[in-house]
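Hello,

Here is the structure for your review. My notes on the pocket, the cavity and one of the helices follow it.

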Amino acid sequence: MFSAACLNECTTFPITGQPLHNAAGSLAPQRPTEFAGILRLLSTLSYQDREQISAYERQVYDMLRSSPQNLDGLVAFLRIQLMQGNHQKAKAVANRIWEIGGTLDHEAEKSYVNDLLNLGLVEMASILLRPYFEKMSAYVGEYGHLFLKYAIAAGLLNVIEKTAALLPSVGVRKALTDFAAVYRHLNYADAFKGIQRSVLDNVRDTLCAYEFNLYTDRGFTDLEILLYVGNETLDYERLREFVDLQASAVCSAKGVKRLNNLSFVIRPVGEYTKPAV
């Protein structure tokens with residue numbers, strides 16, 4: 001993982017449509033288009049369909065043999081590793097893509113940013129999201145979920161608020177605004193950020209997908225964070241209890257009481273389902 005200082009200095013990865021030079025000073029190689037179709041198929045595939053996922057893995061691997069620095073192919077390979085629960089392999093592929101640099105297909109870039117967040121690589125994702133944040137109103141329709149996923153994972157109430165204000169769904173907009181308002185009113189912004197950092201620290205070696213749900217049935221907004229991990233031998237409930245305990249410890253260290261509107265669920269990555277928000 002890059003350090004914050006390295007990320008601030010890094011200029012090797014592109015804004016879409018603006019190719020940059022890689023570390024060797026030459027443009028990254030041009031890419032065939034076949035990988036785009038595979039990536040679209042992967043986005044519709046159940047994480048439980050291991051046979052089909054393995055078939056795509058073999059296909060992508062064979063295609064990458066002749067073009068090992070093909071960025072779109074590596075993005076597809078990254079998604080496959082996450083679907084199979086291979087956190088360490090996925091992280092290595094994500095860092096490899098970053099090191100190569102170049103221009104990604106638009107959909108591949110979105111997939112890459114999403115999977116950086118799924119790995120807990122929040123700072124790297126923030127760099128690629130930055131140009132879209134600068135024109136948030138223009139991109140919220142397409143990137144709204146990624147904006148929120150990043151904001152929650154990074155613990156940034158201000159980004160949650162800015163995104164919520166632009167969302168077309170009145171219900172989701174109100175739920176997010178109300179959630180952020182509670183933490184603002186109680187001066188809990190630092191505690192919220194600290195909790196999110198603690199959560200990612202505690203699952204950083206096995207996280208394969210990160211999502212969230214919103215509930216308003218209790219008269220206020222509950223935020224549920226779903227952490228899908230790749231280690232099938234884990235005691236998921238015990239890990240959830242530990243994550244929850246560490247979140248409470250963050251609040252205690254900051255001298256505030258833990259609110260009961262933030263919860264965590266830990267599941268094997270094979271149970272991943274697309275978010276409703």
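**The largest pocket**

The largest pocket holds about 810 Å³ of space. Please keep in mind that this is a predicted model. The lining of this pocket is made up of 37 residues. Those that lie nearest the centre of the pocket are Arg79, Lys110, Asn114, His145 and Lys274.

By class, the lining of the largest pocket has 17 nonpolar, 11 polar and 9 charged residues.

**The cavity**

How many cavities of 30 Å³ or more are there? The count comes to 1. The volume of the largest cavity is about 30 Å³. Its lining consists of Tyr183, Tyr188, Ala191, Ile195, Cys251, Arg258 and Leu259. In terms of class, 6 of the lining residues are nonpolar, 1 is charged and none is polar.

**Helix H2**

Phe35, Ile38, Leu39 and Leu42 are the buried residues of H2. They lie on the same side of the helix because they cover an arc of only 100 degrees around its axis.

What do the buried residues of H2 pack against? Their partners are helix H3 (50–65), H4 and H6.

**The chain as a whole**

The protein chain has 12 helices and 3 strands. It runs to 277 residues, and buried residues make up 50% of them. Among contacts with a separation of 6 or more, 68% are between residues 24 or more positions apart. The chain exposes about 13300 Å², and carbon and sulfur atoms supply 51% of that area.

Regards

Key: Residues are numbered from 1 along each chain as its sequence is written. This is a predicted model: local features need pLDDT of at least 70, side-chain atom pairs count only at pLDDT 80 or more; totals for chains, interfaces and linings use all residues. Side-chain values use heavy atoms; hydrogens and water are left out. On a 1 Å grid over the protein atoms alone, a cavity is a set of points where a 1.4 Å probe fits but cannot get out, and a pocket is an open set with protein on both sides within 12 Å along at least five of seven lines; lining residues have an atom within 4 Å of a point. Grid points are joined across faces, edges and corners, and a volume is the space filled by probe spheres set on the points. Ala, Val, Leu, Ile, Met, Phe, Trp, Tyr, Cys and Pro count as nonpolar, Asp, Glu, Lys and Arg as charged, and the others, Gly among them, as polar. Helices (H or I, at least four residues) and strands (E, at least two) are DSSP runs, numbered from the N terminus. Buried means under 20% relative accessible area, exposed over 50%, partly exposed in between (1.4 Å probe, protein chains only). Contact means heavy atoms within 4.5 Å. Accessible areas come from the Shrake-Rupley method with a 1.4 Å probe; for residues, only the protein chains shown count as cover. The arc is that of the directions from the helix axis to the C-beta atoms.
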